[in-house]
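This report describes the sheet, a helix pair and the aromatic contacts of one structure. The sequence and model follow.

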Amino acid sequence: FDDDELEDFERFNSSQDTSTFLDKRWFRIAGLAMAGFVLLSFTLPLLAPFFSGSNSRDNAPNTADARPQVPDFVLPSADGLDVRLADIAQTHSAVVVVFHRGPNCSVCRDQIAEFSASYTQLQQQGAEVLAISVGTQQDATRIARRTRAEFPVLYDSSGIAITAYGLEGQLDSEFTTAIFVIDRDLRLIGVPVGTKGPEVLPVELILDALREFNGSDATSS
(Lines give C-alpha, C1' and ligand atoms only; values in the text may rest on other atoms or scores of the structure.)
Protein backbone atom coordinates (compact mmCIF):
# COMPACT_ATOMS: atom_id res chain seq x y z
CA PHE A 1 0.00 0.00 0.00
CA ASP A 2 1.19 3.54 -0.66
CA ASP A 3 1.58 6.20 2.02
CA ASP A 4 -1.88 7.67 1.42
CA GLU A 5 -3.58 4.30 1.82
CA LEU A 6 -1.67 3.53 5.02
CA GLU A 7 -2.53 6.97 6.41
CA ASP A 8 -6.22 6.40 5.65
CA PHE A 9 -6.08 2.97 7.27
CA GLU A 10 -4.46 4.37 10.43
CA ARG A 11 -7.09 7.11 10.66
CA PHE A 12 -9.83 4.50 10.30
CA ASN A 13 -8.38 2.27 13.03
CA SER A 14 -7.95 5.21 15.44
CA SER A 15 -11.59 6.26 15.04
CA GLN A 16 -14.54 4.81 16.94
CA ASP A 17 -16.95 5.95 14.21
CA THR A 18 -17.44 3.43 11.40
CA SER A 19 -20.13 5.40 9.57
CA THR A 20 -17.72 6.71 6.92
CA PHE A 21 -16.75 3.16 5.97
CA LEU A 22 -20.27 1.77 5.97
CA ASP A 23 -21.58 4.76 4.04
CA LYS A 24 -19.56 3.94 0.92
CA ARG A 25 -21.90 4.16 -2.07
CA TRP A 26 -21.48 0.56 -3.21
CA PHE A 27 -22.28 -0.72 0.26
CA ARG A 28 -25.48 1.33 0.49
CA ILE A 29 -26.56 0.09 -2.93
CA ALA A 30 -25.93 -3.54 -2.00
CA GLY A 31 -28.17 -3.05 1.04
CA LEU A 32 -27.08 -6.31 2.66
CA ALA A 33 -26.94 -7.35 6.27
CA MET A 34 -23.19 -7.47 6.72
CA ALA A 35 -22.88 -4.55 9.14
CA GLY A 36 -22.48 -6.98 12.03
CA PHE A 37 -19.14 -8.03 10.58
CA VAL A 38 -17.73 -4.66 11.65
CA LEU A 39 -17.45 -6.11 15.14
CA LEU A 40 -14.84 -8.55 13.89
CA SER A 41 -11.93 -6.50 12.58
CA PHE A 42 -13.13 -5.10 9.24
CA THR A 43 -10.12 -3.55 7.57
CA LEU A 44 -9.65 -1.25 4.62
CA PRO A 45 -6.64 -3.10 3.16
CA LEU A 46 -8.91 -6.00 2.18
CA LEU A 47 -10.83 -3.68 -0.10
CA ALA A 48 -7.86 -1.88 -1.62
CA PRO A 49 -7.26 -4.27 -4.56
CA PHE A 50 -10.83 -3.77 -5.80
CA PHE A 51 -10.55 0.01 -5.95
CA SER A 52 -7.03 0.18 -7.37
CA GLY A 53 -6.35 1.37 -10.89
CA SER A 54 -4.80 -1.96 -11.95
CA ASN A 55 -8.21 -3.52 -12.59
CA SER A 56 -10.31 -0.40 -12.99
CA ARG A 57 -11.86 -1.50 -16.28
CA ASP A 58 -13.04 -4.84 -14.93
CA ASN A 59 -14.07 -3.61 -11.50
CA ALA A 60 -15.62 -0.23 -12.34
CA PRO A 61 -19.18 0.17 -11.02
CA ASN A 62 -21.98 0.28 -13.54
CA THR A 63 -25.62 1.21 -13.38
CA ALA A 64 -26.68 -2.40 -12.87
CA ASP A 65 -24.45 -3.18 -9.89
CA ALA A 66 -21.84 -1.02 -8.17
CA ARG A 67 -20.43 -3.75 -5.92
CA PRO A 68 -16.72 -4.53 -6.46
CA GLN A 69 -15.84 -7.63 -8.47
CA VAL A 70 -13.17 -10.02 -7.21
CA PRO A 71 -10.57 -11.80 -9.40
CA ASP A 72 -11.21 -15.26 -10.75
CA PHE A 73 -8.67 -18.00 -9.99
CA VAL A 74 -7.92 -21.68 -10.59
CA LEU A 75 -6.34 -23.59 -7.70
CA PRO A 76 -5.67 -27.27 -6.96
CA SER A 77 -7.58 -29.04 -4.21
CA ALA A 78 -6.66 -31.61 -1.59
CA ASP A 79 -8.41 -34.14 -3.86
CA GLY A 80 -6.05 -33.32 -6.73
CA LEU A 81 -8.65 -31.48 -8.80
CA ASP A 82 -8.33 -28.01 -10.31
CA VAL A 83 -11.10 -25.71 -9.05
CA ARG A 84 -12.08 -22.50 -10.85
CA LEU A 85 -13.88 -19.91 -8.76
CA ALA A 86 -16.05 -18.72 -11.66
CA ASP A 87 -17.26 -22.27 -12.34
CA ILE A 88 -18.25 -22.75 -8.71
CA ALA A 89 -19.95 -19.35 -8.62
CA GLN A 90 -22.03 -20.12 -11.73
CA THR A 91 -23.60 -23.16 -10.04
CA HIS A 92 -24.29 -21.50 -6.67
CA SER A 93 -26.02 -18.35 -5.51
CA ALA A 94 -22.93 -17.43 -3.46
CA VAL A 95 -19.41 -18.60 -2.64
CA VAL A 96 -17.69 -18.11 0.71
CA VAL A 97 -13.94 -17.87 0.07
CA VAL A 98 -11.90 -18.41 3.25
CA PHE A 99 -8.19 -17.61 3.06
CA HIS A 100 -6.27 -18.93 6.07
CA ARG A 101 -2.75 -19.59 7.32
CA GLY A 102 -2.84 -23.37 7.08
CA PRO A 103 -3.07 -26.57 9.17
CA ASN A 104 -0.56 -25.42 11.80
CA CYS A 105 -2.83 -22.51 12.78
CA SER A 106 -5.24 -23.72 15.48
CA VAL A 107 -7.57 -20.74 15.05
CA CYS A 108 -7.69 -21.37 11.31
CA ARG A 109 -8.68 -24.98 11.98
CA ASP A 110 -11.40 -23.75 14.34
CA GLN A 111 -12.70 -21.38 11.66
CA ILE A 112 -12.76 -24.06 8.96
CA ALA A 113 -14.44 -26.44 11.43
CA GLU A 114 -17.07 -23.75 12.07
CA PHE A 115 -17.87 -23.65 8.36
CA SER A 116 -17.84 -27.44 8.23
CA ALA A 117 -20.35 -27.70 11.08
CA SER A 118 -22.65 -25.20 9.33
CA TYR A 119 -22.12 -26.53 5.81
CA THR A 120 -25.64 -27.94 5.44
CA GLN A 121 -27.17 -24.59 6.40
CA LEU A 122 -24.90 -22.79 3.94
CA GLN A 123 -25.92 -25.22 1.20
CA GLN A 124 -29.57 -24.53 1.99
CA GLN A 125 -28.84 -20.91 1.11
CA GLY A 126 -27.30 -22.02 -2.20
CA ALA A 127 -23.74 -21.30 -1.05
CA GLU A 128 -20.46 -23.16 -1.53
CA VAL A 129 -17.35 -22.77 0.62
CA LEU A 130 -13.76 -22.69 -0.66
CA ALA A 131 -11.00 -22.85 1.97
CA ILE A 132 -7.60 -21.68 0.69
CA SER A 133 -4.15 -21.65 2.28
CA VAL A 134 -0.56 -21.26 1.20
CA GLY A 135 1.14 -24.63 1.29
CA THR A 136 1.12 -28.03 -0.34
CA GLN A 137 -1.45 -30.64 -1.22
CA GLN A 138 -0.40 -32.50 1.92
CA ASP A 139 -1.20 -29.41 4.01
CA ALA A 140 -4.61 -29.09 2.37
CA THR A 141 -5.30 -32.77 2.99
CA ARG A 142 -4.36 -32.42 6.66
CA ILE A 143 -6.74 -29.56 7.31
CA ALA A 144 -9.54 -31.17 5.30
CA ARG A 145 -9.29 -34.28 7.44
CA ARG A 146 -8.90 -32.48 10.75
CA THR A 147 -11.92 -30.25 10.14
CA ARG A 148 -13.98 -32.93 8.34
CA ALA A 149 -14.58 -30.47 5.53
CA GLU A 150 -16.95 -31.65 2.81
CA PHE A 151 -16.34 -28.54 0.72
CA PRO A 152 -13.26 -28.00 -1.48
CA VAL A 153 -10.05 -27.32 0.45
CA LEU A 154 -7.56 -25.63 -1.87
CA TYR A 155 -3.92 -24.65 -1.66
CA ASP A 156 -2.17 -21.68 -3.25
CA SER A 157 1.50 -22.66 -3.11
CA SER A 158 2.45 -19.97 -5.64
CA GLY A 159 0.45 -17.26 -3.84
CA ILE A 160 -1.27 -16.13 -7.04
CA ALA A 161 -4.78 -15.88 -5.60
CA ILE A 162 -3.57 -14.59 -2.24
CA THR A 163 -1.68 -11.78 -3.98
CA ALA A 164 -4.63 -10.99 -6.29
CA TYR A 165 -6.84 -10.52 -3.23
CA GLY A 166 -4.37 -8.14 -1.58
CA LEU A 167 -3.31 -10.60 1.12
CA GLU A 168 0.35 -11.17 0.27
CA GLY A 169 2.24 -11.24 3.58
CA GLN A 170 -0.86 -10.27 5.53
CA LEU A 171 -1.94 -13.80 6.42
CA ASP A 172 1.41 -14.13 8.17
CA SER A 173 1.53 -10.79 9.94
CA GLU A 174 -1.94 -9.26 10.02
CA PHE A 175 -4.85 -11.65 9.59
CA THR A 176 -5.58 -15.16 10.81
CA THR A 177 -8.28 -15.60 8.18
CA ALA A 178 -9.72 -13.38 5.45
CA ILE A 179 -13.25 -14.14 4.31
CA PHE A 180 -14.90 -12.95 1.09
CA VAL A 181 -18.56 -13.69 0.26
CA ILE A 182 -19.33 -13.28 -3.44
CA ASP A 183 -22.23 -13.85 -5.79
CA ARG A 184 -22.35 -15.73 -9.09
CA ASP A 185 -21.00 -12.70 -10.95
CA LEU A 186 -17.95 -12.62 -8.64
CA ARG A 187 -19.22 -9.45 -6.96
CA LEU A 188 -18.83 -8.91 -3.23
CA ILE A 189 -21.80 -9.51 -0.98
CA GLY A 190 -21.08 -7.08 1.82
CA VAL A 191 -17.60 -6.33 3.15
CA PRO A 192 -14.65 -8.75 3.39
CA VAL A 193 -13.76 -9.80 6.93
CA GLY A 194 -10.23 -10.07 8.28
CA THR A 195 -10.11 -11.84 11.66
CA LYS A 196 -7.19 -11.55 14.05
CA GLY A 197 -5.73 -13.56 16.91
CA PRO A 198 -8.19 -15.92 18.57
CA GLU A 199 -11.25 -14.53 16.79
CA VAL A 200 -13.44 -16.92 14.82
CA LEU A 201 -16.16 -15.45 12.64
CA PRO A 202 -19.60 -16.81 13.62
CA VAL A 203 -20.99 -18.43 10.51
CA GLU A 204 -24.46 -17.26 11.54
CA LEU A 205 -23.46 -13.76 10.41
CA ILE A 206 -22.78 -15.05 6.92
CA LEU A 207 -26.02 -17.03 6.94
CA ASP A 208 -27.93 -13.85 7.85
CA ALA A 209 -26.26 -12.00 4.99
CA LEU A 210 -27.05 -14.81 2.55
CA ARG A 211 -30.69 -14.89 3.64
CA GLU A 212 -30.92 -11.14 3.06
CA PHE A 213 -29.12 -11.39 -0.27
CA ASN A 214 -31.26 -14.27 -1.48
CA GLY A 215 -34.39 -12.38 -0.49
CA SER A 216 -33.24 -9.27 -2.36
CA ASP A 217 -32.12 -11.37 -5.32
CA ALA A 218 -35.43 -13.19 -5.46
CA THR A 219 -37.31 -9.91 -5.30
CA SER A 220 -35.34 -8.41 -8.17
CA SER A 221 -35.54 -11.45 -10.44
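In which helix is the place of Glu204? Glu204 belongs to helix α12, residues 203–220.

## Basis of the description

The model is predicted: local features require pLDDT of at least 70, side-chain atom pairs are counted only at pLDDT 80 or more, and totals for chains, interfaces and linings use all residues. Residues are numbered from 1 along each chain as its sequence is written, and side-chain values use heavy atoms, with hydrogens and water left out.

Helices (H or I, at least four residues) and strands (E, at least two) are DSSP runs, numbered from the N terminus.

## Glu204

Glu204 has a relative accessible area of 38% and is therefore partly exposed. The classes are buried at under 20% relative accessible area, exposed at over 50%, and partly exposed in between, with a 1.4 Å probe and protein chains only. Between Glu204 and Phe115 the C-alpha to C-alpha distance is 9.7 Å, although 89 residues separate them in sequence.

## The sheet

An open sheet is formed by 5 strands in the order β5-β4-β3-β6-β7, with mixed pairing; two strands pair if DSSP finds at least two bridges between them. At the edges stand β5 and β7 (193–195), each with a single partner strand, so one side of each has no neighbour in the sheet. On average, neighbouring strands of this sheet are turned by 20° against each other, direction ignored.

Strands β3 (residues 94–100) and β4 run parallel and are joined by 7 bridges, with Val97 having Leu130 in β4 as its bridge partner. Another 3 bridges join β4 to β5 (residues 153–155), also in parallel, and Leu154 in β5 is the bridge partner of Ile132. From β4 the chain passes through helix α9 (residues 137–147) to β5 in a right-handed β-α-β crossover; right-handed means that, with the strands pointing away from the viewer, the path from the first strand over the helix to the second runs clockwise. By contrast, β6 and β7 run antiparallel, joined by 3 bridges, and Thr177 stands opposite Thr195 in β7.

## Burial of β4

All 7 of the 7 residues of β4 (residues 127–133) are buried, so the strand is largely enclosed by the rest of the structure. Ala127, Val129, Ala131 and Ser133 point one way, while Glu128, Leu130 and Ile132 point the other way.

## Packing of α7 and α9

Two packed helices are described by the angle between their axes and the distance between the axes. For α7 (residues 106–117) and α9 the angle is about 55° and the axes are 9 Å apart. Axes are lines fitted to C-alpha atoms, for helices over the stretch in contact, and angles run from 0 to 180 degrees between N-to-C directions.

The two helices, α7 and α9, are therefore oblique to each other; angles under 35 degrees count as roughly parallel, over 145 as roughly antiparallel, 65 to 115 as roughly perpendicular and the rest as oblique. Their crossing is right-handed, the near helix being turned clockwise from the far one by less than a right angle.

## Aromatic contacts

The whole structure contains 5 aromatic pairs, counted where ring centres of Phe, Tyr and Trp (its six-membered ring) lie within 6.5 Å; planes under 30 degrees apart are stacked, over 60 edge-to-face and the rest tilted. The rings of Phe99 and Phe180 have centres 5.9 Å apart and planes at 85°, so this pair is edge-to-face. Phe99 lies in β3 and Phe180 in β6 (residues 177–183), so the pair ties together parts 81 residues apart in sequence. Both Phe99 and Phe180 are buried.

Tyr165 and Phe180 have ring centres 5.1 Å apart and planes at 80°, so they too are edge-to-face. Tyr165 sits in the loop between α10 (160–164) and α11 (170–173), 15 residues from Phe180, and Tyr165 is buried. One aromatic cluster is formed by Phe73, Phe99, Tyr165 and Phe180.
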